[in-house]
Amino acid sequence: MTLKLPIYMDYHATTPVDERVLDAMLPYFRENFGNAASRSHAFGWSAEEAVEKGREEVAKLIGAVGKEIVWTSGATESDNLAIKGIAEFYKDRGNHIITAVTEHKAVLDTCKRLEKQGYAVTYLPVDSDGRVNPQAVAKALTDKTILVSIMLANNEIGTINPVDEIGALVKARGAFFHIDAVQGIGKIPFDVNQSHADLVSLSAHKMYGPKGIGALYVRRKPRVRITPMIDGGGHERGMRSGTLNVPGIVGFAKAAELCRLEMADESSRVLALRERLRKGIEARIPNTVINGSLEHRLPGSLNISFAFVEGEAMMMALKDVAVSSGSACTSASLEPSYVLRALGVAEEMAHTSIRFGLGRFTTEAEVDYVIDLVASKVKKLRDMSPLWELAQSGVDLKSIQWGAH
Amino acid sequence: MAYSNKVIDHYENPRNVGSLDPGEPDVGTALVGAPACGDVMKLQIKVGKNGVIEDAKFKTFGCGSAIASSSLATEWIKGMTVDQAMSVKNTQIVEELSLPPVKIHCSVLAEDAIKGAIADYRKKQEHRQEERSENAA
């Protein structure tokens, strides 16, 4: 089989829609196009039936029941709805929220907005392996804490947080626990009861479903209340008005079903490919550093710094491979990745990081091609790197007085 | 980031990558930028007796535009007199490579590198003059 270029290794950003998912969706664009809120005819009934079946299927993947699933447009909306919804509804109970510095912007920026409205937010640091320490959560909890929001797995480095332990501590103090589970769901086992989660954000397009559909799990026993952000027809039991995206929901449900049935096999296959990539790179290229815990990591994630080679230049060199970088040059802000900085990764190393994301359709041939390409391009770029030249001649780069920039 | 074809050309076929011996009296060396900022350029010039830049070399740690800016800078200053090279402006580099606003600092760094290499060369020359006049006296 010949290799098809470009190669996709950015599965954290999004995933292709599985053919089986697309097949399940198509009838809901065609003959079953009805509005799930139409109660008076067969078109509506058929749409509603698909939506309710979808709820059960998505719930099953996380150990929940269908009535606890609220459909949204995606995880950004789910994060906003969970955090703002709890903050507003329970404002008489307290005004303190706990989260971590490595969370997704959808969580961090939502918290920042709440700070402007008078809420107090604690942004917990992470350990050098990129994980939130449960004891740090325990110490931060106060009588005023109404919500703790911690992600299941990190989008940049793939590290997995000990959410079960954190959830138990949060529950013991009577606060609500929200988990942004976008990156972990469908890749590692997750259960809303084991993790003591009250709210969980999900997104279909990170698990081989379509874009534009997500969900928020909202616990019913004991009942968790949220103030809606979008007012209107009172859909989703008043928590999220708006006509439902029926084909999206059907696709999300099919994607969830496939993950539930195939996760165990798929994870071990993807992990083997990830390890092949990691070992191949480490064997061929000196001076590389893995960012974040290798042990507590999603199977398809590899975030690696190639010392003395700037990340964006590296991505240009890997033009036939879709990856991403923590380098400043990939962002408008010119600041290197806040996640890597939170781990204590030096700025100069953060600039050299590349994130590889492997998934369902990654092949061994692709991995081998990428290893060869990375090895040759790192060599080329190091040959033109003044830092590599200095380091090779024994100069300690820290001994040089660098200019301000 | 969508780059111009000229940036891509310089990035893929960089001109004048390499090093000159910084110990030579007719070689000027500059090392500008900082690893923590994601850009470091080393630019060197070799100046002939007539004040013309005979050779220029660079090595750059940085993004595609940083590499292209330094590659273009070495290409331009080869054959210029030192005084002509002093007047190369970062805006000319921005224009030639169609750099987007967020990448203008790469061109600034390249201008700094040219000026730094010339300053280093001139310092060496003054030093030699002093030595010569001391020897004469």
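This is a predicted model: local features need pLDDT of at least 70, side-chain atom pairs count only at pLDDT 80 or more; totals for chains, interfaces and linings use all residues.
1. **Chain A, overall.** Chain A has 12 helices and 13 strands. Its radius of gyration is 22 Å, close to the 22 Å that the globule rule gives for 405 residues, so chain A is as compact as a globular protein of that length. Along its principal axes, the C-alpha trace of chain A spans about 75 × 55 × 35 Å.

2. **Chain A, inside.** Of the 405 residues of chain A, 52% count as buried. Now take the contacts in chain A with a separation of 6 or more: 73% of them join residues 24 or more positions apart.

3. **Two domains in chain A.**

4. **Where the domains touch.** In chain A, 20 residues of domain 1 are in contact with 22 residues of domain 2. On the domain 1 side, α7, β10 (301-306) and α9 (338-342) of chain A each supply at least two residues. What classes of residue make up the side of domain 1 of chain A that touches domain 2? There are 6 nonpolar, 11 polar and 3 charged residues.

5. **Chain B, overall.** Chain B has 5 helices and 3 strands. Along the sequence they follow the pattern α-β-β-β-α-α-α-α. The radius of gyration of chain B is 16 Å, close to the 14 Å from the globule rule for 137 residues, so chain B is as compact as a globular protein of that length. Its C-alpha trace spans about 60 × 30 × 20 Å along the principal axes.

6. **Chain B, inside.** Buried residues make up 46% of the 137 residues in chain B. Among contacts in chain B with a separation of 6 or more, 63% are between residues 24 or more positions apart.

7. **Helix α5 of chain B.** This helix covers residues 104-136, which is 33 residues. At 1.5 Å a residue it should span 48 Å, and its end C-alpha atoms are 48 Å apart, which agrees. Several residues of α5(B) are buried, including H105(B), L109(B), A113(B), I114(B) and Y121(B). What covers them? The cover over the buried residues of α5(B) includes strands β1 (27-34) and β2 (39-47), and helices α2 (64-77), α3 (82-86) and α4 (90-97), of chain B.

8. **Where the chains meet.** 23 residues of chain B are in contact with 22 residues of chain A. On the chain B side, β1, β2, β3 (53-61) and α2 each supply at least two residues. β1(B) gives the most, with 4 residues. By class, this side of chain B has 14 nonpolar, 6 polar and 3 charged residues.

9. **The largest nonpolar core.** This core has 157 residues. Y217(A), I249(A) and A113(B) have the most contacts inside it. Helix α7 (residues 246-284) of chain A gives the largest share, 12 residues. Domain 1 and domain 2 of chain A each contribute at least three residues to this core. In soluble globular proteins, nonpolar side chains tend to be buried together.

10. **A closer look at Y217(A).** Which residues does Y217(A) contact, leaving aside neighbours within four places in sequence? They are I62(A), A64(A), E68(A), I69(A), V192(A), A197(A), L199(A) and V200(A).

How values were computed:
Residues are numbered from 1 along each chain as its sequence is written. Chains are lettered from A and ligands numbered from 1 in the order in which they are written. A nonpolar core is a set of buried Ala, Val, Leu, Ile, Met, Phe, Trp, Tyr and Cys residues joined through C-beta atoms within 7 Å. A residue is buried if 20 or more other C-beta atoms lie within 10 Å of its own, exposed if 12 or fewer, and partly exposed in between; C-beta atoms are placed from the backbone. Domain bounds come from an automatic or database domain assignment. Two residues are in contact if their C-beta atoms, placed from the backbone, lie within 7 Å. The expected span of a helix is 1.5 Å times one less than its number of residues. The radius of gyration is taken over C-alpha atoms; the globule rule is 2.2 Å times the number of residues to the power 0.38. Ala, Val, Leu, Ile, Met, Phe, Trp, Tyr, Cys and Pro count as nonpolar, Asp, Glu, Lys and Arg as charged, and the others, Gly among them, as polar.
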